[in-house]
Amino acid sequence: MPLSLIPSRLFRNYREVTPEFLRKEGVTLLLSDLDFTLAPKSVRRSDPDLRAWIEEMKAADIQVMIVSNNRSGTRVTEFCADLGIPYQGHAGKPSTQGLKAAMARAGADRTHTAMLGDKLLTDMLAANRAGVLALMVEPLGGAVTLWQRVLHALQAPFKAVCRRRTEKRG
């Protein structure tokens, strides 16, 4: 699979990723990063907006599963239990191993799977390498540290390519 860092689509936040959009793309399994994608890293429980979004996905028969690189499973376990969704821990993104394990658990193939995340070097690279739809959001809570600001600046050219491709598709 390609080593591309370019996402398939960009969104401001997870709420813009609708069941209608996913259905149109043929997606029945949405894999998602947790930190900065669905919640700031410091947040231990889901908020009402996230719970409502997850319920919309479930109502549309779109399974959501967290795929996380977190070293400690405690926060992810609590967060996912609160949402009533499964997770695949120790994913090792940008390796495809965690995404493939999640797809196998869900009984889905790559043509019906999307990966939602906020980082090119982990989430989007893993998605593209696994051959699943790569959906990128801006980080919730923003870039806080100097390193995060540098990473986000480095992502800008790749996001620009995605925007141009999206505009061409109409």
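Select Asp61 to begin: this residue sits in the loop between H2 and strand S3 (63-67). Helices (H or I, at least four residues) and strands (E, at least two) are DSSP runs, numbered from the N terminus. The model is predicted: local features need pLDDT of at least 70 and side-chain atom pairs count only at pLDDT 80 or more, while totals for chains, interfaces and linings use all residues. Residues are numbered from 1 along each chain as its sequence is written, and side-chain values use heavy atoms, with hydrogens and water left out.

**Backbone features**

With Asp61 still selected, inspect the backbone: phi is near 60°, a positive value in a residue other than glycine. Asp61 is exposed, with a relative accessible area of 59%. Here buried means under 20% relative accessible area, exposed over 50%, and partly exposed in between (1.4 Å probe, protein chains only).

Next, select His90, in the loop between S4 and H4. His90 also is not a glycine, yet has a positive phi of about 50°. Its relative accessible area of 62% makes His90 exposed.

Move along to Pro94, in the loop between strand S4 (87-88) and helix H4 (97-106). The peptide bond that joins Lys93 and Pro94 is cis, with omega about 20°.

**Salt bridges**

How many salt bridges does a search of the whole structure find? The search finds nine. A salt bridge is a side-chain nitrogen of Lys or Arg within 4 Å of a carboxyl oxygen of Asp or Glu.

Select Arg75 and Asp35 together; their side chains meet in a salt bridge at 2.3 Å, N to O. Arg75 lies in helix H3 (residues 73-83) and Asp35 in the loop between strand S2 (29-32) and helix H2 (48-59), so the pair ties together parts that are 40 residues apart in sequence.

Now select Arg44 and Glu78, which form a salt bridge whose closest N and O atoms are 2.8 Å apart. This pair links distant parts of the chain, with Arg44 in the loop between S2 and H2 and Glu78 in helix H3, 34 residues apart. Arg44 is partly exposed at 41% relative accessibility, and Glu78 is partly exposed at 26%.

Continue to Lys119 and Asp118, a salt bridge with its closest N and O atoms 3.0 Å apart. Lys119 counts as partly exposed at 26% relative accessibility, whereas Asp118 counts as buried at 1%. Then select Asp33, Lys93 and Asp123: salt bridges that share partners join these residues into one network.

**Cysteines**

Select Cys80 and Cys162. Cys80 is buried at 2% relative accessibility, and Cys162 is buried at 1%. The structure holds zero disulfides, a disulfide being a pair of cysteine sulfur atoms within 2.5 Å.

**Surface patches on display**

Switch to a surface view and select Leu146, Trp147, Val150 and Leu154, which make a nonpolar surface patch of about 450 Å². Patches are made of residues with over 30% relative accessible area and no salt bridge; like charges are joined within 9 Å, and nonpolar side chains (Val, Leu, Ile, Met, Phe, Trp, Tyr) within 5 Å. Accessible areas come from the Shrake-Rupley method with a 1.4 Å probe, and for residues only the protein chains shown count as cover. Leu146 is placed in helix H6 and is exposed, with a relative accessible area of 60%.

Which residues form a positive surface patch? Select Arg164, Arg165, Lys168 and Arg169 to see it. Lys and Arg count as positive and Asp and Glu as negative; His and the chain ends are not counted. The place of a charge is taken as NZ of Lys, CZ of Arg, CG of Asp or CD of Glu. Arg164 is in helix H6 (residues 146-169) and is partly exposed at 47% relative accessibility.

**Last stop**

Finally, select Gly26, in the loop between helix H1 (19-24) and S2. Gly26 is partly exposed at 25% relative accessibility.
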